[in-house]
Amino acid sequence: MKEKIRLWLGHPLLRDYRLLAGLWLAIGVLAALMKMHSHNNFLIFRGTFWHAWQGLSLYAEYPQDHFDVNHYGPLFTLIIAPFAVVPEWTGLLLWCVALALMLYVAVRRSLLSDRQQVFVLWFCAHELLTALYMQQFNVAIAAIVLAAFFLIEREREGTAAFLIVVGTLVKLYGVVGLAFFFFSRHKARFVLWLVLWGAVLFAAPMLLWGPDYVVGQYAEWASCLMEKNDQNLFATHQNISLLGLVRKLSGSAAYSDLWLILPGLLLFALPYLRLGQYRHMAFRQTLLASVLMFVVLFSTGSESSSYIIAMVGVVVWYTCVPWQRTPCDVALLVFVFVLTSLSPSDLFPAVVRRELVQPYALKALPVVLVWLKLCHEMLTRDYAKTPAAQ
């Protein structure tokens, strides 16, 4: 039976990129069709362009148009513009398809091996549907972080800096791309590009909306994010992270998240001390995987749709190392797929989802375990390829 499964998984059709491109395109279309009559997040995003056009606040409530408020930076008004000026249903369809294709292209243009690329595209397909179902920018963040890493590997710091600044000025998550700074062969040039793109993209919305309006909106954005952080602590569909997992299991609001964030940052940073491992691509890819998981696990703003970012990281962690994965690693991978990816869907028992997974942020648990194991490996293992591994 085991051999039959292996042969089936190795079928050439499953490695056909035309099939995979069609699958990801179909997921984008399916997500848009499923949400054609209920797409509150896209209405918020679309509204940012028209509110900026009218000189209105980007962060006020507009209950006549949608519930909740915008939490993306002023630069987002330019990104969403092509999808806001067309009819609503057309914009929704194009938005979902564009997000799906953006991550697909980032995977295909990366330096991941064919095996890794195929694994990412199949393993993350269901999580992609979950993210697109919410029309969130998280899919683009996954693409930005992945692309920034491999652009730095290709010594294209200018383009990497552009993507990092875009991700930061839209959703802050993009700032984690700076974690790859130490792998750059042209650090001074990288810093100069960051400063240049930071200035250009900060000012870009001013060309349409004017300096006073845009500066005022940046101030409102900062205030909005601080308020949102407080609201997220015990929210059922927010703070699906390591922070939320601990807080919701303990039921306590009496402590600061810094008690978790500071040890997490230390654990994340310690592998940087292993300078001798920098030369191994497997080590650098593992750090990429750590970044993709860390940004989700240590943010109170993480929600179910954020896990497209972490899921890409899980696959990179599993596939990049030069040693044979153990049954424990395989079990962790299966655990991630079942609890993290399937739990928001109808494929998962509804009562378990309602009574356990959602109230206690258990979607984060498998990724937490993977990230902790990853940190242990980065601190103890040698990432040099052995003759057998080659």
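**Entry 1**

I began with Asp68, which is partly exposed, with a relative accessible area of 40%. The model I am reading is a predicted one. I found Asp68 in the loop between helix H3 (40–53) and helix H4 (76–79). I looked up its backbone next. Phi of Asp68 is near 70 degrees, a positive value in a residue other than glycine.

I then turned to Ala361. Ala361 is not a glycine, yet its phi is positive, at about 55 degrees. I placed Ala361 in the loop between H19 and H20. Is Ala361 buried or exposed? Ala361 counts as buried, at 1% relative accessibility.

**Entry 2: salt bridges**

I asked how many salt bridges there are. The count comes to 10 salt bridges. I followed some of them up.

I took Lys363 and Glu127 to start. They form a salt bridge, and their closest N and O atoms are 3.2 Å apart. Lys363 lies in the loop between helix H19 (350–357) and H20, and Glu127 lies in helix H8 (residues 125–133), so this pair ties together parts 236 residues apart in sequence. I checked burial on both sides. Lys363 counts as buried, at 3% relative accessibility. Glu127 is buried as well, with a relative accessible area of 0%.

I went on to Glu155. Its salt bridge partner is Arg185, and the closest N and O atoms are 3.9 Å apart. Here too the pair links distant parts of the chain. Glu155 sits in the loop between helix H9 (138–153) and helix H10 (157–171), and Arg185 in the loop between H10 and helix H11 (187–203). I noted a separation of 30 residues.

Glu157 forms a salt bridge with Arg189, and the closest N and O atoms are 3.0 Å apart. Glu157 is in helix H10 and Arg189 in helix H11, 32 residues apart, so I listed the pair as linking distant parts of the chain. Which side of this pair is buried? Glu157 is buried, with a relative accessible area of 1%. Arg189 counts as partly exposed, at 38% relative accessibility.

I also noted a network of salt bridges. Arg325, Asp329, Lys373 and Glu377 are linked in it.

**Entry 3: helices H18 and H20**

I looked up how H18 and H20 meet. The axes of helix H18 (residues 327–341) and helix H20 (residues 365–380) come within 8 Å and cross at roughly 150 degrees. The cut-off for roughly antiparallel is over 145 degrees, so H18 is roughly antiparallel to H20. H18 passes H20 in a left-handed crossing.

I listed the residues in the contact. H18 brings Asp329, Leu332, Phe335, Val336, Leu339 and Thr340. H20 brings Leu365, Pro366, Val367, Leu369, Val370, Lys373 and Glu377. I sorted the contact residues by kind: nine are nonpolar, one is polar and three are charged. Asp329, Lys373 and Glu377 of this contact were already in my notes as members of the salt bridge network.

**Entry 4: Gln285**

I finished with Gln285, which is in helix H16 (residues 281–297). Gln285 counts as buried, at 5% relative accessibility. What is Gln285 in contact with, leaving aside neighbours within four places in sequence? I wrote down Leu111, Leu112, Gln116, Phe149, Phe150, Val316 and Cys320.

Definitions and conventions: Residues numbered from 1 in each chain as written. Predicted model: local features only at pLDDT ≥ 70, side-chain atom pairs only at ≥ 80, totals over all residues. Heavy atoms only, no water. Axes fitted to C-alpha atoms, helices over the stretch in contact; angles between N-to-C directions. Helix = DSSP H or I, 4+ residues; strand = E, 2+ residues; numbered from the N terminus. Parallel < 35°, antiparallel > 145°, perpendicular 65-115°, else oblique. Left-handed = near helix turned anticlockwise from the far one by under 90°. Contact = heavy atoms within 4.5 Å. Nonpolar A, V, L, I, M, F, W, Y, C, P; charged D, E, K, R; others polar. Salt bridge = Lys/Arg side-chain N within 4 Å of Asp/Glu carboxyl O. Buried < 20%, exposed > 50% of the residue type's maximum accessible area, 1.4 Å probe, protein only.
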